[in-house]
Amino acid sequence: MSAPEFADAVAKAAAVLEEAARTGTPCPPVRSLLPERDVEAAYAVQRRYVERGLAEDRRPVGRKIGLTSPAVQRQLGVGQPDFGVLFADMAVPEGRPIAPGRLLQPKVEAEVALVLGADLPHREPTVADLLRATAFALPALEIVDSRIADWDITIVDTVADNASCGLFVLGGTPVPLDRVDLRAVRMTLEKNGETVSRGTGADCLGSPLTAALWLASTLSGLGDPLRAGDVVLTGALGPMAVAAEGDEFTGRIEGLGTVTAAFAASTTEGTGA
């Protein structure tokens with residue numbers, strides 16, 4: 001594929017995803033528009049999404065890591081995680097219901113969030129570098145979403161779709177890393193009071209710290225390193241759960257506490273998140 005053809009394919013895929021977001025109607029997979037299994041092309045589509053957000057004065061506040069589960073990697077035929085960009089308007093404060101129709105096909109997963117207190121510019125950061133740079137950890141709920149109909153995705157589709165980012169909710173009590181062993185933490189996710197997902201820190205690439213190191217190294221190599229103040233959603237600790245209007249979720253992560261998210265019903269008055 002020539003450079004002009006590549007650029008045209010990226011532009012077409014980006015336009016399809018933008019139209020799905022604008023209309024609220026999920027689109028067919030975009031992988032057929034891009035070179036087969038070309039993850040770099042998918043990231044080029046993602047960059048167009050980010051550039052559009054910046055042009056609209058959206059504020060980047062961090063990154064999310066996806067595909068941290070070996071089972072999901074096998075399902076999509078990949079051997080590495082992926083990443084997407086978090087914007088400030090994706091953050092939902094606890095206690096603020098998520099308005100009906102804000103997302104297309106939401107699912108919820110519980111994970112560890114790291115908030116950085118220093119830059120991580122090194123191409124090959126060490127665990128010590130990461131520990132020094134991290135101000136604190138928080139429990140988090142990532143509300144993933146897909147503009148691809150029926151979640152019919154491959155690695156190319158999800159990367160192009162900003163790693164299926166939707167919204168995120170952070171717990172409110174920061175925990176320094178010297179007070180918790182992130183590899184050993186246990187997670188439960190409740191939906192309307194019933195446990196729907198379980199996992200441990202080890203289920204996230206062996207440790208949320210391992211996932212964060214991969215991200216820090218990858219971004220440094222791209223010339224766009226993690227910076228002080230960034231939020232890093234390190235990846236799901238267990239299976240995600242489908243969300244619908246009226247659902248309430250609580251994530252409990254041992255040593256970090258709890259975090260909740262609620263989806264307003266259509267009859268609920270208010271502006272939502």
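This is a predicted model: local features need pLDDT of at least 70, side-chain atom pairs count only at pLDDT 80 or more; totals for chains, interfaces and linings use all residues.
**Helix contacts, sheet order and aromatic pairing**

User: Is helix 1 parallel, antiparallel, perpendicular or oblique to helix 2?
Analyst: The axes of helix 1 (residues 3–23) and helix 2 (residues 39–55) come within 9 Å and cross at roughly 55°. The crossing is right-handed. An angle under 35 degrees would count as roughly parallel, and one of 65 to 115 as roughly perpendicular. The orientation of helix 1 to helix 2 is therefore oblique.

User: Which strands stand at the edges of the four-stranded sheet?
Analyst: The sheet is open, with antiparallel pairing and the strand order 7-6-10-11.

User: What is the average twist from one strand to the next?
Analyst: The value refers to the open sheet of four strands in the order 7-6-10-11. From one strand to the next, the twist averages 15°.

User: Which residue of strand 7 is the bridge partner of Thr 188?
Analyst: Strand 6 (residues 186–191) pairs with strand 7 in the antiparallel sense, over six bridges. Within strand 7, the bridge partner of Thr 188 is Arg 198.

User: Which residue in the turn between strand 10 and strand 11 has a positive phi?
Analyst: Strand 10 (residues 248–253) runs antiparallel to strand 11, and six bridges join them. Across this pairing, Phe 249 stands opposite Ala 261. The two strands form a hairpin with three residues between them, and the turn residue with a positive phi, about 85°, is Gly 255.

User: How many residues apart are Tyr 43 and Phe 83?
Analyst: A search of the whole structure finds four aromatic pairs. Among them, Tyr 43 and Phe 83 are stacked, at 4.7 Å centre to centre and with 25° between the planes. The pair links distant parts of the chain, with Tyr 43 in helix 2 and Phe 83 in strand 2 (residues 82–87), and the separation is 40 residues.

Notes: Residues are numbered from 1 along each chain as its sequence is written. Side-chain values use heavy atoms; hydrogens and water are left out. Two strands pair if DSSP finds at least two bridges between them. Axes are lines fitted to C-alpha atoms, for helices over the stretch in contact, and angles run from 0 to 180 degrees between N-to-C directions. Angles under 35 degrees count as roughly parallel, over 145 as roughly antiparallel, 65 to 115 as roughly perpendicular and the rest as oblique. A crossing is left-handed if the near helix is turned anticlockwise from the far one by less than a right angle, and right-handed if clockwise. Rings of Phe, Tyr and Trp (its six-membered ring) pair if their centres lie within 6.5 Å; planes under 30 degrees apart count as stacked, over 60 as edge-to-face and the rest as tilted.
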